[in-house]
Amino acid sequence: MMSSPLFLGFDLSTQQLKAIVIAEDASIVHESAVHFDRDLPIYGTTNGTVNGPDEGEVTSPVLMWLEAIDLVMQRIKNTGVDLSAITSISGAGQQHGSVYWSKGAEKTLVMMDPKRSLADPGHLAPYAFALPNAPIWQDSSTTKDCRELEAAVGGPQILADLTGSRAYERFTGPQIARIRRLKPAAYRDSARISLVSSFIPSLFLGHIAPIEVSDASGMNLMNVLTCKWDHGLLEACGGPELRAKIGPEPVVGGTILGRISRWWVERWGFNPDCIIAPFTGDNPATVVALSAPGDAILSLGTSTTLLLSIPPADSPPARFTTSHLLSHPTTLGAQIAMLCYKNGALAREQIRDRCTGTDWARYNELVEQSPHGNSGFMGFYFPLPEIIPPGVQGEFIFQCKDTEEPRLVHGLKPDASKHARAILESQFLSIKSRIAAILPVHSPPLQRLIVTGGSSANQTIRQLAADVFGMRVYVAESKEAAGTGGAMLAKFAWWKAQVGDTSGSFEEMIMETGQVERMKLVATPKGEVTKVYDGLVNNYRRCEEQVVHLCGQA
């Protein structure tokens, strides 16, 4: 009797490697994790990373990742999971990080010895890699390369129109440009360059995997609308040789890249027919796990991040230098808009401490006792230099009256209860004002807002989010969204093979195969309150313009 199919998803994040096994209904069968600092201390990482030697340089050892895969596989096997029942594998990787394969890498992958572990010295490392460490998303050493890339195409807005983002220090294109500039021998010896998300399936396939479309959106190298590499950008970052090093055109999620290699069958007992599908980035995988087109995910953690699934439309979404647009991992023609704010929970907690001395219950009372719209008081709180709008810092309070120009207020007591509501309203209005600008014309209204992160447990904040955005608010029951999204991408590739329809959609798969509902409705918008906030968007924009002007004068 055949076992029910299982699907394996990985999430190689900054600090740990997680593995999630799901059943056909997407229920979680098994979870394992390897924490780099704790489980693999020999590599000397701090929070999974190595700083230096150059200023702003942050990397992770590739050999550490190989050993983590060995260890997590052993942990899965030790719990009795039937690896022969796993029919498909996919996953997620931290975005932007890059791995540099040597000229002998392809041959080394083909010749892997089932008697030796991935991390066994001399098996893969060091020979398969031109660089022993992978630059990751925390790296900030490429400012010169970013400015040169923007100048090469005519400015940051033109680059954002092309790729979905202006040049960022963490993006892979500028990272490649820096390595070419400072480590020319290593760059010359790199036959292929993978993202973290294409590095892992390469190990499973026994040959180097192509890069996936959504994660390719975080490189400043792909045209975000055509999902093809842009030759001018490739040349600007890596010279004419980068086209060969970067590999084939990006592939969409759910594609069958191939079957699992002999090494995994003989060493771990996988079925030789096990499908290997493209891995994506951690943010796109979270979108796959938690939302459908027309949903938004709001992460209320240390930073505040909005991920917005945009269905295919006649006109593309607008691109801005303060936001990101990514190709969708499963639906060609669809996109994910991403807004990221530095001043999230830190700023909220500073205001809470000032108003109530760390007492969230009292803080919530202050918010609930104050009127929607805060009697015209609008506050901006940037203890750290902000990303949106860029570079602003400080605290600014305005009094707004109907159509009058907002007036900057001085002398409002630091513990005034108006601050409690003002910080929440301004953070949410900043997002609301930008959603309308990003969405294509005639887009249908957004349906659900899924909140995650520490503040998502606060019912007062949930209700305010529902009212400001005019959306039903849900929380996800699983905390392992990226790994679960990876496992669901594995299931998507298997399902398409089962039905023999390569054009079948992810949503059709969910409808046909069923899925455990992992969302809980926690807040419903009050229509009359949402109208109040709809009317405050223009006042918010006028206040923000003044803040940008004031910071520019400082």
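The residues that line the largest cavity divide into seven nonpolar, five polar and one charged, where Ala, Val, Leu, Ile, Met, Phe, Trp, Tyr, Cys and Pro count as nonpolar, Asp, Glu, Lys and Arg as charged, and the others, Gly among them, as polar. This is a predicted model, in which local features need pLDDT of at least 70 and side-chain atom pairs count only at pLDDT 80 or more, while totals for chains, interfaces and linings use all residues. Residues are numbered from 1 along each chain as its sequence is written, and side-chain values use heavy atoms, with hydrogens and water left out.

Rolling a probe the size of a water molecule over the atoms shows where empty space is left. A cavity is here a set of points, on a 1 Å grid over the protein atoms alone, where a 1.4 Å probe fits but cannot get out, and its lining residues have an atom within 4 Å of a point; grid points are joined across faces, edges and corners, and a volume is the space filled by probe spheres set on the points. The structure holds two such cavities of 30 Å³ or more. The largest contains about 130 Å³ of space and is lined by 13 residues, with Y341, F382, S426, Q427 and S430 lying nearest its centre. Strand β19 (377-382) and helix α16 (418-438) each supply at least two residues of this lining, and α16 gives the most, with four residues; helices (H or I, at least four residues) and strands (E, at least two) are DSSP runs numbered from the N terminus.

The second largest cavity has a volume of about 40 Å³, and β19 and α16 each supply at least two residues of its lining too. The residues lining this second cavity are G373, G376, F377, M378, C400, E425, L429, L536 and N539, and by class they comprise five nonpolar, three polar and one charged.

In soluble globular proteins, nonpolar side chains tend to be buried together. A nonpolar core is taken here as a set of buried Ala, Val, Leu, Ile, Met, Phe, Trp, Tyr and Cys residues joined through side-chain atoms within 4.5 Å, and buried means under 20% relative accessible area, exposed over 50% and partly exposed in between, with a 1.4 Å probe and protein chains only. The largest nonpolar core has 61 residues, and those with the most contacts inside it are L298, L306, L308, F380, F428, L449 and F469. Helix α16 gives the most to this core, with nine residues. A second, separate core of 57 residues includes V72, L124, A134 and W268.

Contact means heavy atoms within 4.5 Å, and L449, leaving aside its neighbours within four places in sequence, is in contact with residues including A296, L298, L306, A465 and F469. S456 lies in the loop between β22 (448-452) and α17 (459-469), and it counts as buried because its relative accessibility is 11%. With neighbours within four places in sequence again left aside, S456 is in contact with L300, V451, R462 and V475.

Helix α19 (residues 506-513) has F506, M509 and T513 as buried residues. These lie on the same side of α19 because they cover an arc of only 55° around the axis, the arc being that of the directions from the helix axis to the C-beta atoms. The buried residues of α19 pack against α13 (282-290) and α18 (481-499), whereas the face turned away from the buried side carries the exposed residues M511 and E512. Just after α19, G514 takes a positive phi of about 75°.

Most residues other than glycine have a negative phi, and most peptide bonds are trans. N220, in the loop between α9 (213-216) and β10 (222-223), has a positive phi of about 60° although it is not a glycine, and N220 is buried, with a relative accessible area of 0%. N374, in the loop between α15 and β19, has a positive phi near 60° and is buried, with a relative accessible area of 1%. The peptide bond from A125 to P126 is cis, with omega near 5°, and P126 is found in the loop between α3 (105-110) and β8 (133-135). A cis peptide bond with omega of about -10° also joins I388 and P389, and P389 is in the loop between β19 and β20 (394-399).

Key: On a 1 Å grid over the protein atoms alone, a cavity is a set of points where a 1.4 Å probe fits but cannot get out, and a pocket is an open set with protein on both sides within 12 Å along at least five of seven lines; lining residues have an atom within 4 Å of a point.
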